[in-house]
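Thanks, everyone. I'll take one structure today and go through it piece by piece. Please have the display open.

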Amino acid sequence: MLNISGISIEVCKKPIKNMHLYVKPPDGKVTVSAPLAMRDETIARFVRTKVSWIKKQLAKFDGQARQSEREYVSGETLYIWGKQYYLQTEYGNRNSLALSGNKAILTVRKESTAIQRENFVREWYRELLKTEITRMLPKWEKITCLKAAGWQTKYMTTRWGTCNTKTGKIWLNLQLAKKTPECLEYVILHELVHLAEKKHNERFVSLMDKYMPMWREVKSRLNSQMLDAAGSHAGNQRRGLP
Ligand SMILES: [Zn+2]
């Protein structure tokens with residue numbers, strides 16, 4: 001076993017001529033195979049010249065793992081209003097999330113679990129979204145002369161928004177706070193238009209065209225990227241969206 005730049009490397013001596021370096025799935029185990037007679041020093045020197053390559057490979061495995069299971073720890077990324085932030089976790093007595101440059105500094109209790117951190121971040125997104133809805137919804141209500149009887153935010157994995165045409169109430173997906181603000185504008189408008197037209201028919205489309213001529217572009221941008229959801233919650237977000 002070698003340890004170079006904090007990376008553990010397994011050494012396998014075999015009856016071979018040249019050294020080979022592997023970073024293997026699923027967890028990125030690093031192995032070097034070397035000729036039987038080769039000295040450890042020579043092997044270490046070889047590995048040292050490959051450190052940046054090894055790190056690049058390890059980052060790939062890391063990225064794959066995180067996409068399915070978020071821990072809300074340093075090194076992960078968060079999207080806020082379409083912008084990517086690098087998460088930096090710090091310990092403290094009070095939970096908070098602060099943005100500084102391209103960093104999202106998450107302060108949590110040391111003993112917090114991934115679920116607790118996720119819940120905190122989710123509620124943080126909710127506050128962010130609520131503030132924008134409070135600003136945007138009246139604007140679109142004025143433009144369209146359609147009025148929602150009420151609205152709520154909800155964590156959803158298959159829809160960006162829903163509308164109950166009977167009660168006139170609108171639900172907006174918490175995850176819209178991850179997308180650019182124009183995406184939220186589009187979903188608000190879409191749900192408001194449902195108050196006038198239930199179905200996605202010609203009339204619906206012509207109303208959308210009237211109020212937001214470039215809604216198709218925004219829609220495709222909104223759906224082009226998978227939602228950055230926590231592992232078990234990540235449903236099929238490409239279907240069933242407004
Ligand atoms: Zn719809």
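Let's start with a sheet. It is open, has three strands, and its order is β9-β11-β10. The pairing is mixed. Keep in mind that this is a predicted model.

Which strands stand at the edges? They are β9, residues 150-154, and β10, residues 161-164. Each has a single partner strand, so one side of each has no neighbour in the sheet. On average, neighbouring strands here are turned by 15 degrees against each other, ignoring direction.

Now the pairing of β10 with β11. These two run antiparallel, and four bridges join them. For one example, take Cys163: its bridge partner in β11 is Ile170. As a reminder, strands of a sheet pair through backbone hydrogen bonds, parallel or antiparallel.

Next, the helices on this sheet. α3 lies across β9 and β11. Its angle to β9 is about 155 degrees. α4 lies across β10 and β11. Its angle to β10 is about 20 degrees.

The largest nonpolar core has 31 residues. Which of them touch the most other members? Leu176, Cys183, Tyr186, Val187, Ile188 and Leu189 do. The elements giving two or more residues are β8 (103-108), α3 (114-144), β11 (169-173), α4 (181-194) and α6 (215-223). The largest share comes from α4, with eight residues.

Look at Leu176 in particular. Leaving out residues up to four places away in sequence, Leu176 touches Leu129, Trp160, Cys183, Leu184 and Val187.

Last topic: confidence. The mean pLDDT of the protein is 86. Of its residues, 87% reach 70 or more. Which helix has the lowest mean among the elements, and which the highest? Helix α2, residues 51-68, has the lowest, at 66. Helix α5, residues 202-211, has the highest, at 98.

Then there is the stretch 228-242. Its pLDDT is below 50. Beyond near neighbours in sequence, this stretch has 31 contacts in the model. Where pLDDT is low, predicted coordinates should not be read in detail.

Technical notes
Residues are numbered from 1 along each chain as its sequence is written. This is a predicted model: local features need pLDDT of at least 70, side-chain atom pairs count only at pLDDT 80 or more; totals for chains, interfaces and linings use all residues. A nonpolar core is a set of buried Ala, Val, Leu, Ile, Met, Phe, Trp, Tyr and Cys residues joined through C-beta atoms within 7 Å. A residue is buried if 20 or more other C-beta atoms lie within 10 Å of its own, exposed if 12 or fewer, and partly exposed in between; C-beta atoms are placed from the backbone. Two residues are in contact if their C-beta atoms, placed from the backbone, lie within 7 Å. pLDDT is the predictor's confidence in each residue, from 0 to 100. Two strands pair if DSSP finds at least two bridges between them. Axes are lines fitted to C-alpha atoms, for helices over the stretch in contact, and angles run from 0 to 180 degrees between N-to-C directions.
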